[in-house]
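Biologist: Could you take me through this model strand by strand, giving the cut-offs behind each term as we meet it?

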Amino acid sequence: MAKKLSPSVFTKAVLRSFMLDSGLEPTLVGANRFRLTGATNGQVSFELDIHKDHTNRLGTIHGGTLASLVDFGGSLAVASTGRFLTGVSTDLNITYLSPGGKPGDLLKGTATCEKIGKTLAYTSVVFHNSKGQLAARGSHTKYVAGAEGPDGLFAPPEGTKVDDLD
């Protein structure tokens, strides 16, 4: 049976796996642009330093960047519940409310796993711009069947380093 890790340590291990094994996330949020600032069971907070490659032709953060962060943030919220495999997207929605920012600005997000059932997880994400305004809010539904192990958690694969993350 795997050792139970705190939501913070476990979520950092999942984040590390995204950065090592995924194609999109390292490109989107890599190079020390993204910081996980907190993780409790079912909720994560994060920050993104906005760079030019996050923007649209008007010089503000691209809606697609925010949509990708709804996906990524929702996945990390699912991870914070103890699931190393965070499922696949079935539905994603985002509403844009205020400008999210421009290069040099800091975007803050909070992702919450609202509910996990036998097959689906429901998450929500809110974003605040550097002025403190609500910039966008999103929801993300994920298919998670099979992502749970026999002890109710899906532990990191053998050899995943987690000891130095806390």
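Biologist: How many residues lie between β4 and β5 in their hairpin?

Modeller: This is a predicted model, in which local features need pLDDT of at least 70 and side-chain atom pairs count only at pLDDT 80 or more, while totals for chains, interfaces and linings use all residues. Residues are numbered from 1 along each chain as its sequence is written, and side-chain values use heavy atoms, with hydrogens and water left out. Strands (E, at least two residues) and helices (H or I, at least four) are DSSP runs numbered from the N terminus, and two strands pair if DSSP finds at least two bridges between them. Here β4 and β5 run antiparallel, joined by 8 bridges, with Ile116 opposite Ala121 in β5, and the number of residues between the two strands of the hairpin is 3.

Biologist: Which residue of β4 is the bridge partner of Gln43?

Modeller: Strand β2 (residues 43-49) pairs with β4 (residues 106-116) in the antiparallel sense, over 7 bridges. Within this pairing Val44 stands opposite Ala111, and the bridge partner of Gln43 in β4 is Thr112.

Biologist: Which residue takes a positive phi in the hairpin of β1 and β2?

Modeller: β1 and β2 pair in the antiparallel sense over 6 bridges, and Thr40 has Gln43 of β2 as its bridge partner. The hairpin has 2 residues between its strands, and the residue with a positive phi, near 95 degrees, is Gly42.

Biologist: Why is the pair of Phe46 and Phe127 classed as it is?

Modeller: Rings of Phe, Tyr and Trp (its six-membered ring) pair if their centres lie within 6.5 Å, and planes under 30 degrees apart count as stacked, over 60 as edge-to-face and the rest as tilted; a search of the whole structure finds 5 such pairs. The centres of Phe46 and Phe127 are 6.1 Å apart and their planes stand at 70 degrees, so the pair is edge-to-face. It links distant parts of the chain, with Phe46 in β2 and Phe127 in β5, 81 residues apart. Ring pairs also join these two to others in a cluster of Phe18, Phe34, Phe46, Phe72 and Phe127, and the class of the pair asked about is edge-to-face.

Biologist: Is Phe127 buried or exposed?

Modeller: Buried means under 20% relative accessible area, exposed over 50%, and partly exposed in between (1.4 Å probe, protein chains only). Phe46 has a relative accessible area of 2% and is therefore buried. Because its relative accessibility is 0%, Phe127 counts as buried.

Biologist: Is Asn32 buried or exposed?

Modeller: Asn32 is found in the loop between α2 and β1, and its C-alpha atom is separated by 8.5 Å from that of Asp49, 17 residues apart along the chain. With a relative accessible area of 69%, Asn32 is exposed.

Biologist: Which element of the protein has the highest mean pLDDT?

Modeller: pLDDT is the predictor's confidence in each residue, from 0 to 100. The protein averages 88, and 86% of the residues score at least 70. Among the elements, helix α2 (residues 24-29) has the lowest mean, 86, whereas the highest, 98, belongs to strand β5.
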